[in-house]
Amino acid sequence: MTGTLLRGLILFLLEVICEGEPTRAGPETMLHPNEQDKLVHQTSRWVLKLFNDSLPFSRAESFCRGQFSSLITLEQSEDKEETVELLRQIGFRSPVWVRDHNRSASKMVALSRQYLEFSALKFPKESHEGFARVTVSFPVLSSVSVCVRVQWNTDWNDVSTVFSYAAPVLTNEFQLRGRVDMQGHILLALIIHGKHFPYKASFANDGAWHHICVTWSRISNHWAIYVDGDRKDMGSGTDMDRDIHGDGILILGQDQDSFGGNFTEPFFGNITDLNIWNVSLETIHVRALNLCLAMIQEKFFSWNLSLINSHHVVKEVQAPLFCPAVHQQMELQGCRTLQGWSDQLPPLGWTDCSDFLPFICRSSPERHHRMEQISKSQSSQPSAFMNQLMKLSNKSQ
């Protein structure tokens, strides 16, 4: 009986230890983090360990507890400053998990089924001249998100331009276009810095309204296309290591073959609810927008027809849009992140708790020193506790 209990204890301890180990998002599993995968930094009050392995939020918390430490908590301003300085010193560009000291990792949002009335722009198929210009001044953008609701004309199968942003030095600076495939689906593609990515993100050409968001960030060198709240296409590692040029012209419904003119590949249908941010939105934000929920991130441009000049064939219409919410409460599982390497992005943000991100464990200097001593002693010989366990286990056999 004693042997059974002891073996159970040993198996339980091994399970706890193994469960706490970080794993990468890919197929490989790391049983023991390598020294190059973490960086130790001591502040005036804490010892911080950065683990450059990716885990979901809850598993990152569990791993830190398994190390007799805790996931970094930014309770005071100096905690945030020291952590950001650590990330900047090593040039760490990815966001990392942080624990919200208010313990409000998830938000409960009351939603209801409803139709909302939007003022929309109608681009008629009878004329290829229709366009609308957003009359705002664009700065240099190191990150950008553009979200819009579109209703495609089902009778048009050629390439269509939802929006095109042209800069004085490059006309195809940032553009979203679509075309219809043989199966009757609309395929979307981005153009960034003149590079045309494949038509891949798709949705049904059913004449209904669809919510489309595109995001891009130079810092992460990553872009994504979302349709109706779901990420349909993404890419990274491309040759886009520069900002989007400022002082450009944003046109809805036409491709600009020259700066602000020579329009081609028109869009036919309806467009509304165009919003622009100078940050790269996370998945949780896009899903909230698709549900017609208000965003806390400040917009660079909000849908406002008084800031849009349209060709006379483009007409203003009223569009009742169904917001795909539900009667009961819906939980948006958002967890805190910290962005250390950015001059423009807000340092604190939210993202889906199931995403895989690096993380920082925090412990007191005394506890860190003690754990280092235990680690060194265990690397040379088993501890007295483990020796006793092994003796008892041998006797129980």
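This is a predicted model: local features need pLDDT of at least 70, side-chain atom pairs count only at pLDDT 80 or more; totals for chains, interfaces and linings use all residues.
Let us begin with the whole chain. It has 6 helices and 26 strands. Of its 397 residues, 46% count as buried. K80 belongs to helix α3, residues 77-89, and counts as partly exposed, with a relative accessibility of 29%.

Now turn to the inside. The largest nonpolar core has 42 residues, and those with the most contacts inside it are F163, F174, L188, L190, L252 and L274. Strand β8, residues 143-152, gives the most to this core, with 5 residues. Apart from this core lies another one of 13 residues, including F51, C64, C335 and C361. Leaving aside the neighbours within four places in sequence, L190 is in contact with F174, Q175, L176, K195, H196, F197, V214, W223, A224 and I225.

The structure holds 13 aromatic pairs. In one of them, F123 and F267, the ring centres are 5.9 Å apart and the planes meet at 80 degrees; an angle over 60 degrees counts as edge-to-face, so this pair is edge-to-face. The two partners come from distant parts of the chain: F123 sits in strand β6 (residues 114-123), F267 sits in the loop between β19 (261-264) and β20 (269-277), and 144 residues separate them. Are these two residues buried or exposed? F123 has a relative accessibility of 2% and so counts as buried, and F267 is buried too, with a relative accessible area of 1%. Both are also members of an aromatic cluster formed by F123, W152, F203 and F267.

F163 lies in strand β9 (residues 160-167) and F174 in strand β10 (residues 170-180), so the pair ties together parts that are 11 residues apart in sequence. F163 is buried, with a relative accessible area of 2%, and F174 is buried as well, at 3%.

Rings can also meet a charged side chain. R362 lies over the face of W46, at 4.0 Å from the ring centre.

The structure holds 3 cavities of 30 Å³ or more, and the largest cavity has a volume of about 80 Å³. Which residues line the largest cavity? The lining is made by F138, L141, V144, V146, F163, Y165, F174, I244, L250 and I276. The elements that give two or more residues to this lining are β8 and β9.

Among the helices, α4 (residues 283-290) is worth a visit. Of its 8 residues, 7 are buried, so α4 is largely enclosed by the rest of the structure. The buried ones are T283, I284, H285, V286, A288, L289 and N290.

Our last stop is the backbone. Just after α4, C292 takes a positive phi of about 70 degrees. F68, which is not a glycine either, has a positive phi near 55 degrees. F68 is found in the loop between α2 (57-66) and β3 (70-71), and F68 is exposed, with a relative accessible area of 52%. E265 has a positive phi of about 50 degrees. You can find E265 in the loop between β19 and β20, where E265 is partly exposed, with a relative accessible area of 29%.

Notes:
Residues are numbered from 1 along each chain as its sequence is written. Side-chain values use heavy atoms; hydrogens and water are left out. A nonpolar core is a set of buried Ala, Val, Leu, Ile, Met, Phe, Trp, Tyr and Cys residues joined through side-chain atoms within 4.5 Å. Buried means under 20% relative accessible area, exposed over 50%, partly exposed in between (1.4 Å probe, protein chains only). Helices (H or I, at least four residues) and strands (E, at least two) are DSSP runs, numbered from the N terminus. Contact means heavy atoms within 4.5 Å. Rings of Phe, Tyr and Trp (its six-membered ring) pair if their centres lie within 6.5 Å; planes under 30 degrees apart count as stacked, over 60 as edge-to-face and the rest as tilted. A charge sits over a ring if NZ of Lys or CZ of Arg is within 6 Å of the ring centre and within 35 degrees of the ring normal. On a 1 Å grid over the protein atoms alone, a cavity is a set of points where a 1.4 Å probe fits but cannot get out, and a pocket is an open set with protein on both sides within 12 Å along at least five of seven lines; lining residues have an atom within 4 Å of a point. Grid points are joined across faces, edges and corners, and a volume is the space filled by probe spheres set on the points.
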